[in-house]
2 protein chains.
Amino acid sequence: MLAQKDDEYFMKQAFAEAMKAFDEGEVPVGAVVVSQGQIIARAHNQTQLLDDVTAHAEMIGVTTATSNVGYKYLNNCTLYVTLEPCVMCAGALFWSKLGKLVYAASDEKQGYTRYDDLLHPKTKVVQGPMAEESRRLLQAFFQSKRKKSS
Amino acid sequence: MLAQKDDEYFMKQAFAEAMKAFDEGEVPVGAVVVSQGQIIARAHNQTQLLDDVTAHAEMIGVTTATSNVGYKYLNNCTLYVTLEPCVMCAGALFWSKLGKLVYAASDEKQGYTRYDDLLHPKTKVVQGPMAEESRRLLQAFFQSKRKKSS
């Protein structure tokens with residue numbers, strides 16, 4: 001019998017998306033949206049490519065997922081993202097009525113947890129899997145940017 | 001000499017966008033983005049049409065404006081919107097480093113002013129023009145929805 005795919009499995013898929021962002025010179029944040037054990041959307045940060053400050057992994061993930069499920073709300077879905085969502089993305093997750101949010105690294109500076117109750121009251125939140133790897137990837141990205149500009 | 005276009009003039013343009021949303025059966029919120037006295041983006045809520053909870057007037061306005069100015073930040077722009085932005089939109093305005101926000105009707109339930117400091121610290125905020133007209137348009141929309149569903 002196949003082992004049930006768990007939060008770590010799906011976060012590794014989100015991490016693979018973050019690696020794509022890294023390779024493209026984007027801030028390395030990746031996300032996947034899962035419904036009934038299946039990935040229905042994969043996304044990574046594309047703010048540079050699209051020249052669009054709103055093109056965060058979560059925003060693209062929500063839009064792609066709703067398009068794929070043919071239903072505006074994600075109340076039966078889990079979003080896995082390698083970095084704690086920002087206020088904008090938390091607001092989008094609120095409107096999507098997301099069922100469950102799993103995020104890896106914390107974002108003390110821009111993360112949504114600086115404020116109370118930004119998510120929908122029915123959204124469950126889990127933090128943990130791949131947090132250290134995701135944090136290190138972001139750190140490596142910003143260090144390489146600093147080296148290039150110095 | 002032509003009178004200089006003022007906040008009320010541009011809010012009327014945003015209101016015209018809200019009217020388009022109303023006619024399309026969307027929650028009637030409209031926005032325009034202005035740079036150097038010129039409208040560089042017009043947008044209205046399209047969440048129903050696009051089946052996308054993130055398709056608020058402000059989000060479309062920001063994305064269209066940045067695409068039109070060819071620059072990721074809107075620090076020299078003013079966004080006029082007929083309803084106080086929600087948390088998601090305020091988060092997007094933060095990332096865009098918006099120069100000035102002018103909004104009409106307040107949104108006590110979902111508006112961003114329930115929280116402190118969601119906008120960029122350099123964003124100036126003005127509330128007022130067309131507030132009553134914008135509020136009434138929203139009220140008329142929700143009343144007509146309730147009638148249809150009763």
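1. Which residue in E5(B) is the bridge partner of B:Val102? The bridge partner is B:Val126.

2. Some conventions come first. This is a predicted model, in which local features need pLDDT of at least 70, side-chain atom pairs count only at pLDDT 80 or more, and totals for chains, interfaces and linings use all residues; side-chain values use heavy atoms, with hydrogens and water left out. Residues are numbered from 1 along each chain as its sequence is written, while chains are lettered from A and ligands numbered from 1 in the order in which they are written.

3. The sheet of chain B. Five strands make an open sheet in the order E2-E1-E3-E4-E5. Its pairing is mixed. Two strands pair if DSSP finds at least two bridges between them. Helices (H or I, at least four residues) and strands (E, at least two) are DSSP runs, numbered from the N terminus.

4. The edges in chain B. Strand E2 (38–44) and strand E5 (124–127) of chain B each have a single partner strand, so one side of each is left without a neighbour in the sheet. The twist averages 15° from one strand to the next. Strand E4 (residues 100–105) of chain B pairs with E5(B) in the parallel sense, over four bridges. B:Val102 and B:Val126 are bridge partners.

5. The sheet of chain A. An open sheet of five strands is found in chain A, with the order E2-E1-E3-E4-E5 and mixed pairing. Strands E2 (38–44) and E5 (124–127) of chain A stand at the edges, so each has one side without a neighbour in the sheet. On average, neighbouring strands are turned by 15° against each other, direction ignored. Strand E4 (residues 100–105) of chain A runs parallel to E5(A), joined by four bridges. A:Val126 in E5(A) is the bridge partner of A:Val102.

6. A helix on each sheet. Helix H3 (residues 57–69) of chain B lies across strand E1 (30–35), E2 and strand E3 (77–83) of chain B. H3(B) runs at about 145° to E2(B). In chain A, H3(A) lies across strand E1 (30–35), E2 and strand E3 (77–83), at about 145° to E2(A). Axes are lines fitted to C-alpha atoms, for helices over the stretch in contact, and angles run from 0 to 180 degrees between N-to-C directions. Contact means heavy atoms within 4.5 Å.

7. H3 and H4 in chain A. Helix H3 (residues 57–69) and helix H4 (residues 87–96) of chain A pack at about 20°, with axes 9 Å apart. H3(A) is therefore roughly parallel to H4(A) (angles under 35 degrees count as roughly parallel, over 145 as roughly antiparallel, 65 to 115 as roughly perpendicular and the rest as oblique). Their crossing is left-handed, meaning that the near helix is turned anticlockwise from the far one by less than a right angle. A:Glu58, A:Met59 and A:Val62 in H3(A) meet A:Met88, A:Cys89, A:Ala92, A:Leu93 and A:Ser96 in H4(A). These residues comprise six nonpolar, one polar and one charged. Ala, Val, Leu, Ile, Met, Phe, Trp, Tyr, Cys and Pro count as nonpolar, Asp, Glu, Lys and Arg as charged, and the others, Gly among them, as polar.

8. H3 and H4 in chain B. H3(B) packs on helix H4 (residues 87–96) of chain B at an angle of about 20°, and their axes are 9 Å apart. That makes H3(B) roughly parallel to H4(B). The crossing of H3(B) and H4(B) is left-handed.

9. Where the chains meet. H4(A) and H4(B) pack at about 155°, with their axes 7 Å apart. The two helices are therefore roughly antiparallel to each other. H4(A) passes H4(B) in a left-handed crossing. A:Val87, A:Met88, A:Gly91, A:Ala92 and A:Trp95 of H4(A) make the contact with B:Val87, B:Met88, B:Gly91, B:Ala92 and B:Trp95 of H4(B). Eight of these residues are nonpolar, two are polar and none is charged.

10. Symmetry. A rotation of 180°, with 0.0 Å of shift along its axis, superposes chain A on chain B with an RMSD of 0.0 Å. The copies are thus related as by a two-fold rotation axis. Copies are superposed by least squares on the C-alpha atoms of residues with pLDDT of at least 70 in both. The C-alpha of A:Met88 is the nearest to the axis in chain A, at 2.0 Å. Both copies use the same surface: 100% of the contact residues of chain A recur in chain B.
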